[in-house]
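Here is a walk through one chain, written for someone who has the structure open alongside.

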Amino acid sequence: MGADGVTKAQYGVHLERNLEALVERMKRMAYRPGPVREVLVPKAGKSGATRALGISNLEDKLVQGMFRKVLEAIYEPRFLECSYGFRPGRGAHDAVRALHRYLYRHEVESVIDVDVASYFDSIDQSRLLEMLSEKIADPRFLRYLARLFKAGVLSQGELRVSDEGVVQGSACSPVLANIFAHHVIDEWFEGTVKRHCAGEVALFRYGDDVVICCRYARDGERIRKALTGRLARFGLRLNEAKTRTVPFCRPGRDSRGRRPVFEFLGFTFYWGRSRQGYRIPKVKTSGSRLRAKLAALNAWAKAVHSRYSLERFWVVLCAKVRGHVRYYGVSFNTRALGVFVYQATCIAYKWLNRRSQRRSFTWETFRSYIDRHPLPRLAVYHALY
């Protein structure tokens, strides 16, 4: 529900009349988006850290959904192959698969794990409108996008209006952020960076999560320096504390004896061995993500164990485990999935036995219950090769 308090049910009572009025206002350029209601949600793996998401009014969601379709129709044919986030028919697993295949087939000396600081909040709205005007000639459409940017954010009763940022959570903010990154990063990398490198380089981007693979380490040093200047030209900056250049030679350890690893979209990439004993790149669940998921699961079980019936508790638990297994069920990751399911089982056993002063289960009766109501099975849902 947005800042105006109108729900789907209320809007649907006179749906046809409301839609006709909306279309008529848009034709007269009388439609103005309402402010976005800000909601803070916790960040995964970061204790106490939150991310601001915006909830638009229902009518604004309808308009933004049509804006998104128009923008996708214009820019989807123009986006490059290195872009995977917020695009129809593409997802996080496609990006992970493409990166893994590249590491498997190409010699790579270094990998740049890029973190853009507060990307969505730092997008220059005027520059974004300039980029959009290069492909969109309709001034009315551009004016409505400008109004969308200036609608503001309602946070704790205070309205904030800024010249920077697109609100995360709105229907068209992902494609707008993608368009900005396409101009600032993708086209620059493809048209300029590749021509000035001694060896082969490749970029993989999912939204503002970027990984750059470099054949030669000296190219990686130059790219990182150039990227800092490129982002600064458009009002963006690297998060220097999180942006790392990782030696990723086949195989080995860096000068300090550490294993070469980096993270992308919740997965850790590292060198392992195949069944035949060859060194190959592998992936597994990021340790920080795994710990955060288990901590969140434990907090949920603690909060509901005495309020939910056993049947409801188990249904919700299975749904949570299924979501984790479906996302992290990729090649090479069976062991980390097994750890998660085992720990989730221990958490369930612990809190179900605290529903009263008497223990609800012994391990034998609990295993018998699991046999009758099994948790989601472990499987490779996304093959990387």
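Leaving aside its neighbours within four places in sequence, which residues is Gly-207 in contact with? They are Gly-85 and Phe-86, where contact means heavy atoms within 4.5 Å. Gly-207 sits in the loop between S6 and strand S7 (209-214). Gly-207 counts as buried because its relative accessibility is 7%; the cut-offs are under 20% relative accessible area for buried, over 50% for exposed and partly exposed in between, using a 1.4 Å probe and protein chains only.

Before going on, a word on the ground rules. This is a predicted model, in which local features need pLDDT of at least 70 and side-chain atom pairs count only at pLDDT 80 or more, while totals for chains, interfaces and linings use all residues. Residues are numbered from 1 along each chain as its sequence is written, and side-chain values use heavy atoms, with hydrogens and water left out.

**The chain as a whole**

The chain has 13 helices and eleven strands; these are DSSP runs numbered from the N terminus, with helices being H or I of at least four residues and strands E of at least two. Its C-alpha trace spans about 70 × 60 × 35 Å along the principal axes. Of the 385 residues, 45% count as buried. Take the contacts with a separation of 6 or more: 66% of them are between residues 24 or more positions apart. The accessible surface is about 20,600 Å², with 51% of that belonging to carbon and sulfur atoms; the areas come from the Shrake-Rupley method with a 1.4 Å probe, and for residues only the protein chains shown count as cover.

**The core**

The largest nonpolar core has 52 residues. Such a core is a set of buried Ala, Val, Leu, Ile, Met, Phe, Trp, Tyr and Cys residues joined through side-chain atoms within 4.5 Å. Among the residues with the most contacts inside the core are Leu-71, Tyr-119, Leu-132 and Phe-180. Helix H8 (residues 173-193) supplies the largest share of this core, eleven residues. Not counting residues up to four places away in sequence, Leu-132 touches Leu-71, Tyr-75, Leu-142, Leu-145, Leu-176 and Ile-179.

Gln-125 belongs to helix H6 (residues 125-133). Why does Gln-125 count as buried? Because its relative accessible area is 4%. Its side chain joins that of Lys-150 through a polar contact of 3.3 Å, meaning a pair of N or O atoms within 3.5 Å; within protein, one must be able to donate a hydrogen and the other to accept it, and residues adjacent in sequence count only if both atoms are side-chain atoms. Beyond four places in sequence, Gln-125 also has contacts that include Phe-149, Ser-162 and Gly-165.

Ala-202 is in strand S6 (residues 201-206) and counts as buried at 10% relative accessibility. Leaving out residues up to four places away in sequence, Ala-202 touches Tyr-102, Phe-189, Val-211, Ile-212 and Cys-213.

Strand S10 (residues 267-273) is mostly covered, with six of its seven residues buried. S11 is mostly covered too, with five of seven buried. Here is how the strands pair, two strands counting as paired if DSSP finds at least two bridges between them:

| Pair | Sense | Bridges |
|---|---|---|
| S9 and S10 | antiparallel | three bridges |
| S10 and S11 | antiparallel | seven bridges |

S9 and S10 make a hairpin with two residues between them, and Leu-265 in the turn has a positive phi of about 55 degrees. Phe-264 has Phe-267 in S10 as its bridge partner. The hairpin of S10 and S11 has five residues between the strands, and there Gly-277 takes a positive phi near 95 degrees. Trp-271 stands opposite Pro-281 in S11.

**Helix H12**

Helix H12 (residues 334-352) has 19 residues and reaches 27 Å from its first C-alpha to its last, close to the expected 27 Å; that expected span is 1.5 Å times one less than the number of residues. Its buried residues include Phe-340, Val-341, Ala-344, Ile-347 and Trp-351. What covers the buried residues of H12 includes strand S11 (279-285), helix H10 (287-304), helix H11 (310-328) and helix H13 (363-372).
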